[in-house]
Amino acid sequence: MSYNYIELISLVLLAIGCFFILSGSLGLIKLPDVFSRIHAAGLIDTLGSGFIVLALIIYSGFSLLSLKLLLIPLFLIFTSPVTGHAIALFAHESGYKPRGKNKK
Amino acid sequence: MAKLNKDSLKTLSFITYFIILFVFWFILSGYLKSLLLFFGLVSVLFVFWMSYRAKALEEDSLPLKIILRLPFYWIWLFKEIFKSGVTTTALIWNGKYSPQLISVKASQKNRTGIANYANAITLTPGTVTIEIDKKKFLVHALSKKLSEDLQTDDMNKVITDLDK
């Protein structure tokens with residue numbers, strides 16, 4: 001065996017996380033209005049950062065450091081919905097209507 | 001859990017909060033020297049006193065009953081996030097989104113439960129809670145499938161059961 005399994009697993013997880021972040025950024029540009037763009041940002045917040053932190057935990061081995069890394073998604077779980085909801089509520093209150101079908 | 005009266009429940013929640021704060025301090029610092037542990041204790045007590053003064057330790061804001069079920073709930077939530085995340089990613093890449101507004105009923109009894117449900121909806125990619133009106137949410141969903149998933153009421157039931 002020439003290469004390390006742990007490195008391989010964390011590499012794959014990093015790639016998955018990067019793919020989700022790429023899709024989220026693409027969605028931020030592509031989707032039609034504020035409300036739909038929040039979904040794309042949420043994708044980056046949850047799945048993108050989640051997979052990357054998971055990969056880092058596996059890569060660095062289990063120690064106090066991995067507990068600290070686990071705190072990052074824990075805080076994101078609490079803060080990311082609040083920001084998303086705040087933006088959506090503000091857009092709604094100032095009279096934005098969500099756009100319907102694929103309009104360019 | 002045995003039937004407890006209000007005061008002992010309050011004491012129990014104080015103790016739990018104190019333990020959580022101290023564990024949090026330990027994870028962030030990692031020191032084991034007795035002098036530094038003492039300083040940690042002092043800072044934890046200070047934070048405890050501040051949150052007591054800010055009345056952040058009411059029964060509603062620190063629900064003891066759900067604390068043991070929370071890890072299982074998070075695992076379930078991560079599964080949901082992953083499922084709808086894959087759906088949303090596919091929608092972004094193939095461009096077949098059709099955004100729509102729906103209203104969702106919430107059957108949670110206390111404020112913590114309702115906030116929990118609204119957060120869970122927003123946390124799953126593809127659905128965002130816009131407005132909360134007593135027991136009804138206004139939700140923006142990215143496609144028809146995502147909104148139908150939400151209207152099957154599974155998530156509502158799981159979060160209501162958390163607080164039994």
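This is a predicted model: local features need pLDDT of at least 70, side-chain atom pairs count only at pLDDT 80 or more; totals for chains, interfaces and linings use all residues.
1. Size of the interface. The size of an interface is often given as the accessible area lost when the parts come together. Here chain B and chain A bury about 3300 Å² between them. Carbon and sulfur atoms account for 76% of that area. On the side of chain B, the residues B:Ile27, B:Ile92 and B:Tyr97 supply 20% of what the chain buries against chain A, more than any other three residues.

2. Residues in contact. The contact involves 39 residues of chain A and 33 residues of chain B. Which elements of chain B give two or more residues to the side that touches chain A? They are helix 1 (6-29), helix 3 (70-94), helix 4 (111-123), strand 2 (127-133) and strand 3 (136-141). Helix 3 of chain B has the largest share, at 9 residues.

3. The side of chain B that touches chain A has 20 nonpolar residues, 12 polar residues and 1 charged residue. Across the interface of the two chains there are 5 residue pairs in polar contact, both residues having pLDDT 80 or more. The number of salt bridges found across the interface is 0.

4. The largest pocket. Rolling a probe the size of a water molecule over the atoms shows where empty space is left. The largest pocket has a volume of about 1800 Å³, and 45 residues line it. Nearest its centre lie A:Leu74, A:Ile77, A:Phe78, B:Leu70 and B:Trp74.

5. Helix 3 of chain A gives the most, with 11 residues. By class, the lining has 35 nonpolar, 8 polar and 2 charged residues.

6. Salt bridges. Side chains of opposite charge can pair when their charged atoms come close. Over all chains the count is 2 salt bridges. One of them joins the side chains of B:Glu80 and B:Lys83, with 3.4 Å from N to O. Why are B:Glu80 and B:Lys83 separated by about one helical turn? The reason is that the two residues are 3 residues apart in helix 3 of chain B.

Note on methods: Residues are numbered from 1 along each chain as its sequence is written. Chains are lettered from A and ligands numbered from 1 in the order in which they are written. Side-chain values use heavy atoms; hydrogens and water are left out. Contact means heavy atoms within 4.5 Å. Buried area is the accessible area (1.4 Å probe) that two parts lose on being put together, summed over both. A salt bridge is a side-chain nitrogen of Lys or Arg within 4 Å of a carboxyl oxygen of Asp or Glu. A polar contact is a pair of N or O atoms within 3.5 Å; within protein, one must be able to donate a hydrogen and the other to accept it, and residues adjacent in sequence count only if both atoms are side-chain atoms. Helices (H or I, at least four residues) and strands (E, at least two) are DSSP runs, numbered from the N terminus. Ala, Val, Leu, Ile, Met, Phe, Trp, Tyr, Cys and Pro count as nonpolar, Asp, Glu, Lys and Arg as charged, and the others, Gly among them, as polar. On a 1 Å grid over the protein atoms alone, a cavity is a set of points where a 1.4 Å probe fits but cannot get out, and a pocket is an open set with protein on both sides within 12 Å along at least five of seven lines; lining residues have an atom within 4 Å of a point. Grid points are joined across faces, edges and corners, and a volume is the space filled by probe spheres set on the points.
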